[in-house]
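Hello,

Here is the structure I promised to pass on to you. Please have a look at it first, and then read my notes below.

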Amino acid sequence: MSILTVKDLQVTFKGRKKTTEILKGVSFELQKGECLCIVGESGSGKTMTMKSIMGLLDTNFTIKGEAFLDDINLLTASKEEMRQVRGKKMTMILQNPMVCFDKLYRIGYQMAETFEAHTNWSKEEIYQKSIEMLKRMQLPEPDEVLKKYPHQLSGGMLQRIMIGIALALNPDILIADEPTTAIDSVTQYEIMKEFISLKEAGVTIIFITHDLGVASMISDRLIVMNKGLIVDSGTFEHIKENANDEYTKQLVAQKKAVVAAFKKSLGGRN
């Protein structure tokens with residue numbers, strides 16, 4: 001059953017001197033319980049697609065098309081309707097955690113404020129959920145983390161906190177925009193295990209990445225974007241063997257080269 005349907009999504013940016021077409025007619029469906037990966041390099045339009053659907057673009061952008069979450073057209077919904085959608089129905093983990101936290105307030109206060117807005121938990125429940133979430137995200141001394149200001153934590157730690165908040169809200173659709181970019185390789189592995197567990201539990205996920213290898217780990221289906229267009233779509237295996245676009249073919253070749261090098265390192269020169 002389709003939970004999200006996007007049709008002919010077009011986004012244009014109006015600058016002082018020129019107008020730039022960013023998305024050129026993006027269409028796709030997301031099935032309930034599916035993990036859809038959106039793959040593409042920086043500037044391909046993958047993050048812009050999600051931000052336009054979530055109502056996170058300012059008035060410099062013109063958006064056309066349709067994006068239905070069940071029976072709600074996200075592109076024509078009011079600001080109040082979108083506030084209800086964000087958090088409860090759709091939660092987006094942004095790529096840069098530094099811009100997501102207010103430097104003037106402690107982490108615990110900001111987490112509590114988010115949970116108060118989207119749940120009916122008591123203050124004690126919010127505290128306990130916050131501690132549990134920080135432990136789940138492999139953060140040591142969680143009670144001390146709650147007392148810190150954002151500048152006192154690394155980008156990787158803030159990213160893990162942001163992921164944890166999103167998971168705790170248990171939205172209908174979890175959107176993860178390059179969620180492991182700012183995290184060390186060991187923690188990346190742990191975080192990816194969390195996402196795979198969520199997928200296996202039936203959580204509906206949109207996972208944005210530039211890494212075809214990451215997409216192969218978690219995707220039920222993936223779409224490849226290049227210059228504001230979807231250029232390939234299907235399962236990882238289908239795209240690996242039947243890529244149409246030159247950009248996709250390059251991604252597949254890079255992935256195969258990495259695998260070949262890894263196998264060679266394990267087996268020596270033979």
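This is a predicted model: local features need pLDDT of at least 70, side-chain atom pairs count only at pLDDT 80 or more; totals for chains, interfaces and linings use all residues.

Residues are numbered from 1 along each chain as its sequence is written, and side-chain values use heavy atoms, with hydrogens and water left out.

Pockets

A pocket here is an open set of points on a 1 Å grid over the protein atoms alone, where a 1.4 Å probe fits, with protein on both sides within 12 Å along at least five of seven lines; lining residues have an atom within 4 Å of a point. Grid points are joined across faces, edges and corners, and a volume is the space filled by probe spheres set on the points. Helices (H or I, at least four residues) and strands (E, at least two) are DSSP runs, numbered from the N terminus.

The largest pocket has a volume of about 510 Å³. It is lined by 21 residues, and Met92, Cys100, Thr114, Met162 and Ile165 are the closest to its centre. Helix 3 (107-118) is among the elements that supply at least two residues each, together with helix 2 (79-88), strand 6 (90-93) and helix 6. Helix 3 gives the most, with six residues. The lining of this pocket has 14 nonpolar, five polar and two charged residues.

The second largest pocket comes to about 300 Å³. Of its 15 lining residues, Gly55, Leu56, Leu57, Lys79 and Met82 lie nearest the centre. Strand 4 (61-69) and helix 2 are the elements that give two or more residues to this lining, and helix 2 has the largest share with four. By class, there are eight nonpolar, three polar and four charged residues.

Six strands form an open sheet in the order 6-7-8-3-9-10, with mixed pairing; two strands pair if DSSP finds at least two bridges between them. Strand 6 and strand 10 are the edge strands, each pairing on one side only. Strand 7 pairs with strand 8 (residues 204-209) in the parallel sense over five bridges, and Asp177 has Ile208 of strand 8 as its bridge partner. Strand 9 (residues 221-226) and strand 10 (residues 229-234) are antiparallel, also over five bridges, with Val224 opposite Asp232.

Backbone points to check

Most residues other than glycine have a negative phi, and most peptide bonds are trans. Which residue takes a positive phi in the hairpin of strand 9 and strand 10? That is Lys227, with a phi near 55°, in a hairpin with two residues between the strands.

Asp8, in strand 1 (residues 2-14), has a positive phi near 50°. Asp8 is partly exposed, at 41% relative accessible area (buried means under 20%, exposed over 50%, partly exposed in between, with a 1.4 Å probe and protein chains only). Asn170 also has a positive phi near 50° and sits in the loop between helix 6 (155-169) and strand 7 (173-177). Asn170 counts as exposed, at 57% relative accessibility.

Best wishes

Methods. Ala, Val, Leu, Ile, Met, Phe, Trp, Tyr, Cys and Pro count as nonpolar, Asp, Glu, Lys and Arg as charged, and the others, Gly among them, as polar.
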